[in-house]
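Trainee: Could you take a close look at the cross-links in this one, meaning the disulfides and a few of the salt bridges? I'd like to hear how the partners sit in the chain.

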Amino acid sequence: SATGHQLTCDVAERQLTDAVKARIQGLMLALPDDQRDALFDGKALTFSDLCTWADQVRPLKQYGPVRSWHYVNVERGATTVTYDKCVTGCLLTAIETHIALLKQADLSPWPRLQSLMFLSHWIGDLHQPLHVSFFEDLGGNRTRVTGYDACSNLHGVWDFCLVATTGKTRSDLLAELLGLPGAEGFDQGPVLSWAQESMDLVTHPRVQYCRKTEVGCEPWSTKTYALSPDYQAINWPVAKRRLAQAGFRLAGLMNSLMAAP
């Protein structure tokens, strides 16, 4: 959801060096006027818009080829995240692609800004566990559940309802994310390990997405089912930690990739 991605950028912004902040602010001027008008009502791009832009342009024809880049799928029998389903591109290859582009010193401002906005979004998606899951139910989009009035499938619960149900303002949520114990160490580790973290989380019984058997992680239910009454209390701390990790890790990438002009 927009709020989740905005929080990722909010956390990241607090960890950026002043020089990197200035370079990013200058780069945001490269947004074409047609997108500024269509997506942001003519307003100047803000830092938190970096993380939501990739969802906003999904309906546009020119971005159709990257729609599959918002997630990575594995087989039901898999226990580790691999590139097996990334033939036409996936979340893992998307991150690699835009890191590589941002390393190109001669990249012009608009392609560089697009790469930065895509990467900002991909890191958020990678930390939402249902974006690292199974293709057959579209990452929980076809997993019908009850328990949240505003969300009828499990993907929506993790995209939106876990955050919205807290009833807290974005500024209050940001303060919680920044104050998590051990936050200063969240930016460590390779990208593939971050994907594996999501895979391990999404297949844990607390998420009620699938049940581990000898042949794999089978669907929790083949019909609409009720999430446990304590679902929010159990899973919000997990989602909160993932949002914070995404922000700190994004900042680490930005400080590295944008350090030089």
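Mentor: Let's go through the disulfides and then turn to the charged pairs. A quick word on the ground rules: this is a predicted model, where local features need pLDDT of at least 70, side-chain atom pairs count only at pLDDT 80 or more, and totals for chains, interfaces and linings use all residues. Residues are numbered from 1 along each chain as its sequence is written, and side-chain values use heavy atoms, with hydrogens and water left out.

Searching the whole structure turns up four disulfides, a disulfide being a pair of cysteine sulfur atoms within 2.5 Å. Number the bonded cysteines in sequence order and the pairing reads 1-2, 3-4, 5-6, 7-8.

Start with Cys9 and Cys51, whose sulfurs sit 2.2 Å apart. This link is right-handed, with 85° about the S-S bond. It connects distant parts of the chain: Cys9 is in helix α1 (residues 2-15), while Cys51 is in the loop between α3 (33-40) and α4 (53-56), 42 residues apart. Helices here are DSSP runs of H or I with at least four residues, strands are runs of E with at least two, and both are numbered from the N terminus. Cys9 is buried at 0% relative accessible area, and Cys51 is buried at 0% too. Buried means under 20% relative accessible area, exposed means over 50%, and partly exposed is in between (1.4 Å probe, protein chains only).

Next comes Cys86 with Cys90, S to S 2.0 Å. The torsion about their S-S bond is about 75°, so this one is right-handed, and both Cys86 and Cys90 are buried.

Then there's Cys151 with Cys161, at 2.1 Å between sulfurs. Cys151 lies in strand β4 (residues 151-153) and Cys161 in helix α7 (residues 154-164), so the bond ties together parts ten residues apart in sequence. Its torsion is about 100°, so it is right-handed.

Now the salt bridges: the count is eleven, each being a side-chain nitrogen of Lys or Arg within 4 Å of a carboxyl oxygen of Asp or Glu. Glu75 and Lys85 meet at 2.6 Å, N to O. Both sit in the loop between β1 (72-74) and α5 (91-102), ten residues apart. Glu75 is partly exposed at 47%, and Lys85 is partly exposed at 45%.

Arg76 pairs with Asp137 at 3.9 Å, N to O. Here Arg76 is in the loop between β1 and α5, and Asp137 is in the loop between β2 (132-134) and β3 (144-148), 61 residues apart. Arg76 is buried at 12%, and Asp137 is buried at 9%. Salt bridges with shared partners join Arg76, Glu136 and Asp137 into one network.
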